[in-house]
Amino acid sequence: MMNINEQIKIIMKGVDEIIGLDSLKDKLERSNKNKKPLIVKLGLDPSAPDIHLGHTVVLRKMKQLQDLGHKIVIIIGDFTGKIGDPTGKAKGRKALTTEQVLENAKTYEEQIFKVLDKDKTEVRFNSEWLSKLSFEETIKLASTMTVARMLEREEFKKRYENQVSISIHEFFYPLMQGYDSVSIHADIELGGTDQRFNVLMGRMLQKEYGEEPQATIFMPLLEGLDGEEKMSKSLGNYIGIDEKVEVMYEKAMTIPDKLIIKYFDLVTDIHPDDIEKFKNDLENNKINPRDIKMKLAKEIVRLYHGENEAQKAEERFKIIFQQGQIPTDIDTIIVPKEDFDIARVLVANNIIKSKNELRRLVSQGGVKINDSKIDDLSNIKLENEIIIQIGKKKFIRIASHNNI
């Protein structure tokens, strides 16, 4: 295994907070001495299995720990998922059926292995131990926590203050998540800063059950492409890990300059020393932020699509955005040339939302045909083929049947 100082440097990269850092160093020392990997836990709630780059922040840290030689244990909350986790909304999260939980868990497994090494990752379901607890054991678990302490959790506190009902069973969710740590004898648990209460519950319960408390590593939330709000599909400011190569690269190039280093820290495996050099170069104006961002975009694509595709994405970006050329790999729409109506074709193929939108884009100078801006839609004819450019990034080839 790598020496302790180097491990700590990599583990600390991008983290918001580590609770139990001194004990973590001791654990790493013993791990190296005994040649026994630490058990690193991540609990996943299988209610929303559609992963984007923001979700990979914690997974990426798990991968770094995995590469350091430690044992990764993913716990799918199939049992807790059927109870429901309290949220910041006015009521508890709707409990899932067994079938929903298992289907979501299957999707989660497929997605997490885009980041983690499947052969070195242990996936367990917490029904394995939670469903076997006797009522006596459940009462013992509940006795470790007071209602006052539960109401320290922000979601519970808000609901209590707003006189929104809280069911007794909801108090068991953080207890059960903490008991997961007891059951697998976790040395480290990871989570986002929004999971602080639940993750710290594991430390507390391990003490109650006579175990050495786990160290807890909290990762910050990742702002989306707007640079302000948390990355979210509902806000449209996300990069999906299943997106097409060119889409992923081009989205990454829209990341605000102020977040370049944070993205390097949180969504890549680039070594901290290299990131520090990028940071110094940016602060001292030794390099154009665009050039550093191209390295970031290429690295993000490489992680999910491989080196060859990352290279192609970079070359495509240079052709379109730096050299102003038309790419060769654009989609083609085949239509009859008789009664050709460009607006109707673009709307029918979901290129634009409406004819009015196309007119607006044309009036703003945002549409080119065969590399020439147009200001009138009425005289556009289709003989063999035309190439339409909408904005800077969208290219469509329209060809007639006779040109196939």
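**Note on aromatic contacts, an open sheet and model confidence**

1. R153 is placed over the face of F156, 5.7 Å from the ring centre; a charge is taken to sit over a ring if NZ of Lys or CZ of Arg is within 6 Å of the ring centre and within 35 degrees of the ring normal. K251 likewise lies over the face of Y238, at 4.1 Å from the ring centre. This is a predicted model, in which local features need pLDDT of at least 70 and side-chain atom pairs count only at pLDDT 80 or more, while totals for chains, interfaces and linings use all residues. Residues are numbered from 1 along each chain as its sequence is written, and side-chain values use heavy atoms, with hydrogens and water left out.

2. The whole structure contains four aromatic pairs (rings of Phe, Tyr and Trp, the last by its six-membered ring, with centres within 6.5 Å; planes under 30 degrees apart count as stacked, over 60 as edge-to-face and the rest as tilted). One of them joins F156 and F171 edge-to-face, with 5.0 Å centre to centre and 85° between the planes. This pair links distant parts of the chain, F156 in helix 9 (residues 154–161) and F171 in helix 10 (residues 168–184), 15 residues apart. Helices (H or I, at least four residues) and strands (E, at least two) are DSSP runs numbered from the N terminus. F156 counts as buried at 0% relative accessibility, and F171 is buried at 14%; buried means under 20% relative accessible area, exposed over 50%, and partly exposed in between (1.4 Å probe, protein chains only).

3. Y249 and F317 form a tilted pair, 5.4 Å centre to centre with 50° between the planes. Here too distant parts of the chain are linked: Y249 belongs to helix 12 (residues 245–252) and F317 to helix 16 (residues 307–322), 68 residues apart. Y249 is buried, with a relative accessible area of 1%, and F317 is buried at 9%.

4. Five strands make up an open sheet of mixed pairing, in the order 7-11-10-8-9; two strands pair if DSSP finds at least two bridges between them. Strand 7 (331–335) and strand 9 (372–373) each have a single partner strand, so one side of each lacks a neighbour in the sheet. Strand 7 pairs with strand 11 (residues 394–400) in the parallel sense over five bridges, and I333 stands opposite I398 in strand 11.

5. The chain has a mean pLDDT of 87, and 92% of its residues reach 70 or more; pLDDT is the predictor's confidence in each residue, from 0 to 100. Over residues 86–92 the pLDDT is below 50, and this stretch has 19 contacts in the model beyond near neighbours in sequence (contact means heavy atoms within 4.5 Å).
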